[in-house]
Structures are given as structure tokens and as C-alpha cells.
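This briefing covers a few local features of the structure shown below.

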Amino acid sequence: MAYYVKEEFIREFPSQKVIGILRTLPNGDQEAREFSSRRILGFYRAAKDMTTDFYGRVIARGNCVTGLIYDAHLKRKGGH
């Protein structure tokens, strides 16, 4: 079991409905999950400074895991 330093709930604006979970590990890595299904959406690897999706494909250089949460939420709502 992984040890998380911080767990944040990502909320939709303006309804404040929780749409995702962002977990940060001691080494700075982050994990993004959907809130309702707890499905892993992707990861930020601090040592490599890159964001990958669940399958390990590089999505961006830098930290964009919050974007994965919002993107998955929009797809579920049918707006993307």
C-alpha cells in the first residue's frame, strides 16, 4: 500500500461537486483518480517532470494531472 503525503478533492466550479482525487506521494509524484469510480486516470512523475495517462503514454511535460480529472469529467458529462 502506498503512503500518501496529501490527498486533495478536486471540485467542479461553481457547483462544488467533487469530481476527482489528487494524491501526492513523498517524492512529489502525483496520482489522479475519478471520484465516483476511483478509476486511475494518470500520473505525474516528478523525477522525469512528465504527466502520463493510465497506460503510461506521455500526455505532457510538466504537471498536468488535474487536467486529466477535468477532461474525464467533461467526457462523462458529454461536453467533450
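Is arginine 33 buried or exposed? The model is predicted, and in it arginine 33 counts as buried because its relative accessibility is 16%, under the 20% cut-off.

**Salt bridges**

- The count of salt bridges comes to 10.
- Arginine 33 pairs with glutamate 31 through their side chains, at 2.6 Å from N to O.
- Glutamate 31 is buried too, at 8% relative accessibility.
- Both residues belong to a network of salt bridges that links Glu7, Arg23, Glu31 and Arg33.
- Another salt bridge joins the side chains of arginine 76 and glutamate 34 (3.6 Å, N to O).
- Arginine 76 lies in helix H1 (residues 65-77) and glutamate 34 in strand E3, so this pair ties together parts that are 42 residues apart in sequence.
- Arginine 76 is exposed, with a relative accessible area of 56%, whereas glutamate 34 is buried at 5%.
- Within helix H1, aspartate 71 and lysine 75 are 4 residues apart, about one turn of the helix.
- The closest N and O atoms of the salt bridge between aspartate 71 and lysine 75 are 3.3 Å apart.
- Aspartate 71 is partly exposed at 24%, and lysine 75 counts as exposed at 52%.

**Backbone geometry**

- Phenylalanine 13 and proline 14 are joined by a cis peptide bond, with omega about 0°.
- Proline 14 sits in the loop between strand E1 (6-11) and strand E2 (18-24).
- Arginine 38 is not a glycine, yet has a positive phi of about 65°; arginine 38 is in the loop between strand E3 (30-34) and strand E4 (40-45).
- Aspartate 49, also not a glycine, has a positive phi of about 50° and lies in the loop between E4 and strand E5 (50-53).

Technical notes: Residues numbered from 1 in each chain as written. Predicted model: local features only at pLDDT ≥ 70, side-chain atom pairs only at ≥ 80, totals over all residues. Heavy atoms only, no water. Helix = DSSP H or I, 4+ residues; strand = E, 2+ residues; numbered from the N terminus. Salt bridge = Lys/Arg side-chain N within 4 Å of Asp/Glu carboxyl O. Buried < 20%, exposed > 50% of the residue type's maximum accessible area, 1.4 Å probe, protein only.
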